[in-house]
Amino acid sequence: MFRFDVRVVDPQKVNEPMSSYVIYKVKTWTNNPSYRLYESSVTRRYNDFLWLNSRLIEKYPGVILPPLPEKQAVGRFDEDFIENRRMGLHKMLRKMTSHHLLQTDEDLRFFLESENFIADVGTKKRESSKGLMDLLGDAMSNATQTLLRMPEVDEFFEGWRNQVDALEQQLKGLSKGIETLVRIRREMAGSMGDMADASAVFAASVESKKPRLSESLGAFADTHRRVQEIRDLQAKQDLTGLQAMIDEQLRIVGSIRIALNGRTKTYQAWQTAEALLARRQDALDKVVSVSKIRTDKISVLQMDVDDATKHVVQSRRDFQRVSELLKEELSKFQTTRLDEVTATVRRFAKEMAESQREVLGILISQVRKC
């Protein structure tokens, strides 16, 4: 394993006559000898990350790739959205460069250090059977694809196929719960703000005639404003903490589907190779059955059968290799997902407890002053 330190920083909006977009600076430090420099810095836009994701999906069936942040048509230049996307892209690259297979990939190296990326992608496009827009289209469809089906004999994968669907529904239900919690917190914050405003107005109206009452009402208003600030902060923490984790887990579910479908496609390729071998063997048997002499046609057909046999053997090996790799990936995901979810929930519970203690302290202090 090589050492990598990759960071996505400094998002900047670029305004062009036909369209606007955001570029991100990608800084890389590595001891991988295949890289030209120990340290490099390049700029990339979101579509470039899409390109990388699609290339790796195509090259590594069975690998659960770190998910891309989702596209968004409305509000894509809002500061909060840009920052959340930056963090998602940052996390994605760091996970890619820590993966034992991906960290040595040529396209990843090209993405991280090419200084003339668009032109270099054009060169790769000419070398590939797919163009850039085809790859980007594949990347977008991958995010929403359904599970391909195959005759499954391995209980491990059959269980995971069912688990993926169940996990997605659970996460969506939890997401709705968090949305409700955030809405309630914001409504509470708004109510506290309304109470503070009303108390402040009342305090001002009686200040000249009843200064002590005015002072108490002013303190009451200040207390409610402080509680409002805490509730607003709680709502923001819910979105940036628990909701962000749920959204990422939902994207990972999409990555698992892609990996499971990659295995299914290798199975389909194996079955296609088996069918081709059967047709070629049948053609050879028919010729042999009517001619006992080894003719040139029989020799050609035998070569075709031999080639098809090699293809079957290789396709079967590919399927077995992808299956074993995916088992490792899913087992690792199970462990890391549990760790990440546990850490997020603990942080959420800690922040909630601290906020409640702070609110309680404010209210107790107010009561003691009365």
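Contact here means heavy atoms within 4.5 Å. In this predicted model, helix H1 (residues 46-59) lies across S1, S2 and S3 and runs at about 105° to S3. Helix H2 (residues 79-97) lies across S1 and S2, at about 150° to S1.

The three strands themselves form an open sheet in the order S1-S2-S3, with antiparallel pairing. Strand S1 (4-15) and strand S3 (39-45) are the edge strands, each pairing on one side only. From one strand to the next, the twist averages 20°. S1 is joined to strand S2 (residues 20-30) by ten bridges, and Lys 13 stands opposite Val 22 in S2.

Salt bridges come next; the whole structure has 23 of them. In one, the side chains of Lys 59 and Asp 107 meet at 2.9 Å, N to O. This pair links distant parts of the chain, since Lys 59 is in helix H1 and Asp 107 is in helix H3 (residues 106-113), 48 residues apart. Lys 59 counts as partly exposed because its relative accessibility is 36%, whereas Asp 107, at 1%, is buried.

Another salt bridge joins Arg 263 and Glu 152 at 2.8 Å, N to O. Arg 263 lies in helix H7 (residues 211-290) and Glu 152 in the loop between helix H5 (132-142) and H6, 111 residues apart. Both Arg 263 and Glu 152 are buried.

Helix H6 (residues 155-205) has 51 residues, so at 1.5 Å a residue it should span 75 Å; its end C-alpha atoms are 75 Å apart, which agrees. Asp 154 caps the N-terminal end of H6, with a side-chain oxygen 2.9 Å from the backbone nitrogen of Phe 156.

Note on methods
Residues numbered from 1 in each chain as written. Predicted model: local features only at pLDDT ≥ 70, side-chain atom pairs only at ≥ 80, totals over all residues. Heavy atoms only, no water. Helix = DSSP H or I, 4+ residues; strand = E, 2+ residues; numbered from the N terminus. Expected span 1.5 Å × (residues − 1). Polar contact = N/O pair within 3.5 Å; in protein donor to acceptor, adjacent residues only side chain to side chain. Pairing = 2+ DSSP bridges. Axes fitted to C-alpha atoms, helices over the stretch in contact; angles between N-to-C directions. Salt bridge = Lys/Arg side-chain N within 4 Å of Asp/Glu carboxyl O. Buried < 20%, exposed > 50% of the residue type's maximum accessible area, 1.4 Å probe, protein only.
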